[in-house]
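Have a look at the sequence and the 3D view first.

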Amino acid sequence: MAGMHLLLSGIVGSVAYGLAGPDSDVDRIGVFAAPTVAFHGLHPPRESVVTTEPDVTLHEAGKYCRLALSGNPTATELMWLPDDCYETRTEFGERLIAIRSAFLSAPRVRDAYLGYASQQFRKLTSRDSSVGGRRRSAKHARHLARLLHQGRVLYATGVLEIRLADPEWFRAFGERVANGALAEAEALVAAAERDFDRIRTPLPDRPDEATVERWLLDVRAAHLPATHS
């Protein structure tokens, strides 16, 4: 995209979590700034650019902020990656990482992580019996368990754990569910719902939108055309 300025990007997904296998894809996500004047023309810039082979998702800064403020797990994790997973870190990217807690709020974290985990459970209940279906089922189960774990830790501590401390547990759980232990996945969701109800979270009721907006307005100002006296 002409005029696009990449602000922050990195490797997310199974590689970042420590769950990657020999056949795992490498997923990347990033935030870019489009020229500010482009938003005032007849054809505003695209808000997202998605490619496959390689798997890359790039969000324009404004859309990225909206996604992260909503608690979207994939968008949120970009700001919490281990250092070795980042591939682009500009000054604005560093500032975004520095204000990552401003995007968090208790109800949105709870709803987002439980909601995305529930999507994985629904995929499990509609799985087919083919070899490919079994492999997909194991993957959905791993993601379900990972989302519930990350969501609970984030809700309890205000810190998002990206690289899992015990990836083997998640792999084994995925295999058990793919082999038919669907009740174990259902029980895990129910336990997470109870945990969210009992945890005393340090997260605020609402995100700090003023801090996020200052960052976004600074991005917009920095991508105005240069003025000439």
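Phe173 is buried, because its relative accessible area is 0%; buried means under 20%, exposed over 50% and partly exposed in between, using a 1.4 Å probe and protein chains only. Before going further, a quick note: this is a predicted model, where local features need pLDDT of at least 70, side-chain atom pairs count only at pLDDT 80 or more, and totals for chains, interfaces and linings use all residues. Residues are numbered from 1 along each chain as its sequence is written, and side-chain values use heavy atoms, with hydrogens and water left out.

Back to Phe173. Together with Trp169 and Phe170, Phe173 forms one aromatic cluster. Rings of Phe, Tyr and Trp (its six-membered ring) pair if their centres lie within 6.5 Å; planes under 30 degrees apart count as stacked, over 60 as edge-to-face and the rest as tilted. The structure holds three aromatic pairs. In one of them, Trp169 and Phe170 have ring centres 5.1 Å apart and planes at 85°, so this pair is edge-to-face. Trp169 also pairs with Phe173: here the centres are 5.3 Å apart and the planes sit at 10°, so the pair is stacked. Both Trp169 and Phe173 belong to helix H7 (residues 167-178), four residues apart, which is about one turn of the helix. Phe170 is buried at 6% relative accessible area, while Trp169 is partly exposed at 36%.

Now let's zoom out. Along the sequence they follow the pattern β-α-β-β-β-α-α-β-α-α-α-α-α-α. The radius of gyration is 19 Å, close to the 17 Å from the globule rule for 229 residues, so the protein is as compact as a globular protein of that length. That radius is taken over C-alpha atoms, and the rule is 2.2 Å times the number of residues to the power 0.38. The C-alpha trace spans about 70 × 40 × 35 Å along its principal axes, and buried residues make up 45% of the 229.

One last stop: where does Arg46 lie? You'll find Arg46 in the loop between strand E2 (27-33) and strand E3 (48-51). Arg46 is partly exposed, with a relative accessible area of 49%.

Key:
Helices (H or I, at least four residues) and strands (E, at least two) are DSSP runs, numbered from the N terminus.
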